[in-house]
Amino acid sequence: MVSERVLMQVPGPGGVREISLSSPNRVVFPEAGVTKHELAEYLVAVAEPFLAANGNRPVSLERFGGDVDGEGFFSKNPPRGAPEYVDSVEVTYNSGRHHPQLVLTEIAAAVWAVQMNTVVFHPWASLANNTDNPVELRIDFDPQPGTDLADAIVAAHAMREVLREVSLVSFIKTSGNRGLHLFAPIEPTHEFLDVRHAVIAACRELERRLPDLVTTRWFKEERGECIFLDYNQANRDRTMAGAYSARALPTATVSTPITWEELDTVDPFAFTVRTVPDRLTTLGDPWAGFAEKRGTIDELLRWWQRDLDNGLGELSFPPDFPKMPGEPPRVQPSRAKKSAE
């Protein structure tokens, strides 16, 4: 039996490309009823801001064989038979291993990714021409039990002020779920570990100012009812959903850039594959000009050194990382206490 297909006409820098989309009417987002074809059309509609945020950099694809209620998996490397307009770049992972990783240089590559059942695009913080040095500082505001979006909003505003003090311009987007993502464009003058330390310095400063609202504690049992400032999103090969990427949620929400003026009244669940194109047509892209606002992390690195001199050391890395110099023990405090007893 021949599967149902549609032939999409996708514009690009070299002209129109024809991409065959199989199973176009398969529902990917069950609650919203959004199909695979609709997701592909959405990406064409938001092509310019999507590529500005996610293009020309290593990207991981979060793929689903069925709908997003099913099991997903990640693809990082270009598969055999990928079309010539799907690019790649050699990257170094945390283990020291080298491997080619996918790069999107035109929207046809993103549509091809949807044909390969991609739902979420996870871009690196660095560009393909210099994968070792990030061009943006990222902070994930992650509400913990007992907190909500309103708390994350207060924390995001406060972090914006912290970064202003070190001459960094902050941009904000919804996560597509309950959290917020703050990005600050930076010059690619430092490698990932330095940028991680700059993020930790900023997060520690905010924690000092708002100790009852935010936390940098890695283990969940220690976080309490606070917004977790996920500093580990600044690590090499640690990614979050890109701007204008759909999320793997049944309502087809999109991680959406917003203005700071919108933040206090934002409804993240109003931004979906079906609503974001009209929003862009009406309001434009709040992240337009992002790359032109680059600052440096030099002052934040001075804060990092100041904290080191005052006895504050390295923080925990994700469990899939090799053991890092100066890192505290990777064991939950309650388990460590039980073992000691």
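Buried here means under 20% relative accessible area, exposed means over 50%, and partly exposed is in between, using a 1.4 Å probe and protein chains only. Keep in mind that this is a predicted model, where local features need pLDDT of at least 70, side-chain atom pairs count only at pLDDT 80 or more, and totals for chains, interfaces and linings use all residues. Residues are numbered from 1 along each chain as its sequence is written, and side-chain values use heavy atoms, with hydrogens and water left out.

Start at alanine 108, which sits in helix α3 (residues 107-115); helices are DSSP runs of H or I, at least four residues, numbered from the N terminus. With a relative accessible area of 0%, alanine 108 counts as buried. Setting aside neighbours within four places in sequence, alanine 108 has Val10, Arg17, Ile19 and Tyr85 in contact, meaning heavy atoms within 4.5 Å.

Next comes arginine 279, in helix α6 (residues 276-283). Arginine 279 is buried too, at a relative accessible area of 12%. Its side chain gets to the backbone oxygen of proline 257, 3.2 Å away. Beyond residues up to four places away in sequence, arginine 279 touches Thr256, Pro257, Ile258, Glu262, Phe271, Gly284 and Pro286.

Now for the helix pair. The axes of α5 (residues 192-209) and α7 (residues 298-309) come within 8 Å and cross at roughly 70°; axes are lines fitted to C-alpha atoms, for helices over the stretch in contact, with angles from 0 to 180 degrees between N-to-C directions. That makes α5 roughly perpendicular to α7, a label for angles of 65 to 115 degrees.

Technical notes
Helix = DSSP H or I, 4+ residues; strand = E, 2+ residues; numbered from the N terminus. Parallel < 35°, antiparallel > 145°, perpendicular 65-115°, else oblique. Polar contact = N/O pair within 3.5 Å; in protein donor to acceptor, adjacent residues only side chain to side chain.
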